Amino acid sequence: MLLRRIERESAYASLLLQNDSGFVRTLVLGVLRWRSRLDFVIDSFAKGKIEPEIRDIVRLGALQLLFMHVAPHAAVGETVELVPLRARGFVNAILRRIASRTIPEPPDAATRTAHPPWLIERWTKSFGAERATKIAEANQELSFPDVLTDTPPPDAAPSDLVPGMWKLSGSSAEVDGIVLDEGSAVIAGIAAAVGSDVLDLAAAPGGKSQVMRARGAQVVSNDISITRLRPLIGKSASIVVSDGRHAPFARQFRVVLLDAPCSATGTIRKNPELKWRLQEADLITFASLQRELLASALDLASESVVYATCSLEPEENDAVVDFVLRMRTDFVRSEIAGLVNENVARWVENGVLRLTPESGTDGFTAHLLRRR
């Protein structure tokens with residue numbers, strides 16, 4: 001079962017679902033998106049412990065009853081058919097209770113928005129309770145691809161943040177252009193606005209490199225993974241495979257863009273499994289690599305570094321910059337607001353981009369550092 005594989009193998013749902021129908025995708029992503037709220041309702045009506053494999057199936061039925069408006073007889077009947085004979089009566093009873101009784105109200109914001117409590121608590125500390133709730137609610141919305149193209153796709157809406165970008169309402173399979181998240185394009189636009197000679201130090205899968213080239217920059221795309229750089233093959237003559245901490249370049253670049261590997265807490269709307277997989281203690285392990293990569297980026301930049309992550313967490317952003325700048329007096333923080341349009345500028349706070357998912361895009365944090 002896909003839900004078991006995603007949990008057991010720490011796999012990305014989007015990759016496992018590439019060849020599945022829209023209904024299967026809706027079910028799997030829906031369960032991942034609403035898991036703790038589904039469990040709250042299930043446990044309110046269940047009597048006794050539920051095996052993990054059985055719980056996954058009950059979640060599928062509960063999702064259809066609570067969020068998909070599937071006819072109760074169909075949702076219950078088809079879900080029960082998936083269960084081993086020994087558990088069918090048990091599952092049938094739970095789902096019929098959910099279908100016929102008043103559903104209890106979630107006791108807190110974490111349950112209501114189906115997020116781990118520790119994430120809600122830290123976002124409340126960082127952004128305040130109101131914005132933390134908006135972030136969590138935005139993560140529960142469906143996520144579709146965005147595309148940078150000269151030809152507006154049918155039924156697409158223009159981006160408010162990125163000129164020439166369109167927000168799709170379905171698949172990007174038949175769309176020509178550069179497909180990437182709107183937030184990623186914002187980061188690429190900042191780097192291209194800083195200068196036209198750019199090293200994309202952690203470039204995979206290559207969307208930001210393509211956007212920077214479309215904005216007129218000369219870009220060298222570096223990443224440690226040749227596999228993840230494959231989308232750039234044939235689209236760029238300047239691809240380098242190396243560990244960004246020990247990049248083999250004999251010259252500096254005017255601008256280095258470092259979109260560092262991170263916890264990706266800004267991408268939960270697209271990858272809902274992340275919120276159940278990630279632990280708060282994991283954040284410090286990302287920060288260690290991020291500090292090393294940022295130190296390397298400063299060495300490779302003759303003028304500026306754009307340091308970005310798709311994480312909302314201070315340990316991976318402000319704390320990383322603070323740590324490295326304590327060791328490096330040759331760089332200082334600089335202001336991002338003057339490099340972006342007014343719709344992006346409203347997400348800039350004290351010179352730092354803090355783009356969070358209620359903007360309608362993935363969340364990103366970005367700092368601009370300039371050589372003295």
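Helix 4, residues 52-66, should span 21 Å at 1.5 Å a residue, and the 20 Å between its end C-alpha atoms agrees with this. The model is a predicted one. Twelve of the 15 residues of helix 4 are buried, so the helix is largely enclosed by the rest of the structure.

**Helix 4 and its surroundings**

- The buried residues of helix 4 are Ile54, Arg55, Asp56, Ile57, Val58, Arg59, Leu60, Gly61, Ala62, Leu63, Gln64 and Leu65.
- Four helices receive the packing of these buried residues: helix 1 (2-9), helix 3 (22-45), helix 5 (72-81) and helix 6 (88-100).

**Aromatic pairs**

- Two aromatic pairs are found in a search of the whole structure.
- One of them, Trp34 with Phe67, is stacked, with 4.4 Å from centre to centre and 15° between the planes.
- This pair links distant parts of the chain, since Trp34 belongs to helix 3 and Phe67 to the loop between helix 4 and helix 5, 33 residues apart.
- Trp34 counts as buried because its relative accessibility is 16%, below the 20% cut-off.
- Phe67, at 28% relative accessibility, counts as partly exposed.
- Phe249 and Phe253 form an edge-to-face pair, because their ring centres are 5.3 Å apart and their planes stand at 90°.
- Both Phe249 and Phe253 are buried.

**Charged groups over rings**

- Arg251 is placed over the face of Phe253, 4.0 Å from the ring centre.
- Arg291 has its charged end over the ring of Phe323, at 4.6 Å from the centre of that ring.

- Four strands form an open sheet in the order 2-3-1-4, and their pairing is antiparallel.
- Strand 2 (157-158) and strand 4 (178-179) are the edge strands; each has a single partner strand, so one side of each is left without a neighbour in the sheet.
- Strand 2 runs antiparallel to strand 3 (residues 165-167), and two bridges join them.
- Pro158 has Trp166 of strand 3 as its bridge partner.

**Nonpolar cores**

- The largest nonpolar core holds 50 residues, of which Trp123, Met212, Ile336 and Leu353 touch the most other members.
- At least two residues of this core come from each of helix 8 (117-127), helix 9 (129-139), helix 10 (182-194), helix 11 (207-214), strand 8 (253-259), strand 9 (301-309), strand 12 (352-355) and strand 13 (364-371).
- Helix 10 contributes the largest share of this core, with eight residues.
- When residues up to four places away in sequence are not counted, Leu353 touches Val186, Ile187, Ile190, Ile336, Val344, Trp347, Val348, Phe364, Thr365 and Ala366.
- Another core, of 33 residues, lies apart from the largest one, and its members include Ile6, Val28, Val41 and Ile57.
- Ile57 is also among the buried residues of helix 4.

**The setting of Ala297**

- Ala297 is part of helix 14 (residues 283-300).
- A relative accessible area of 0% places Ala297 among the buried residues.
- With neighbours within four places in sequence left aside, Ala297 is in contact with Leu201, Val256, Leu258 and Val305.
- His246 is 51 residues from Ala297 in sequence, and their C-alpha atoms are 9.9 Å apart in space.

How values were computed: Residues are numbered from 1 along each chain as its sequence is written. This is a predicted model: local features need pLDDT of at least 70, side-chain atom pairs count only at pLDDT 80 or more; totals for chains, interfaces and linings use all residues. Side-chain values use heavy atoms; hydrogens and water are left out. The expected span of a helix is 1.5 Å times one less than its number of residues. Buried means under 20% relative accessible area, exposed over 50%, partly exposed in between (1.4 Å probe, protein chains only). Contact means heavy atoms within 4.5 Å. Rings of Phe, Tyr and Trp (its six-membered ring) pair if their centres lie within 6.5 Å; planes under 30 degrees apart count as stacked, over 60 as edge-to-face and the rest as tilted. A charge sits over a ring if NZ of Lys or CZ of Arg is within 6 Å of the ring centre and within 35 degrees of the ring normal. Two strands pair if DSSP finds at least two bridges between them. A nonpolar core is a set of buried Ala, Val, Leu, Ile, Met, Phe, Trp, Tyr and Cys residues joined through side-chain atoms within 4.5 Å.
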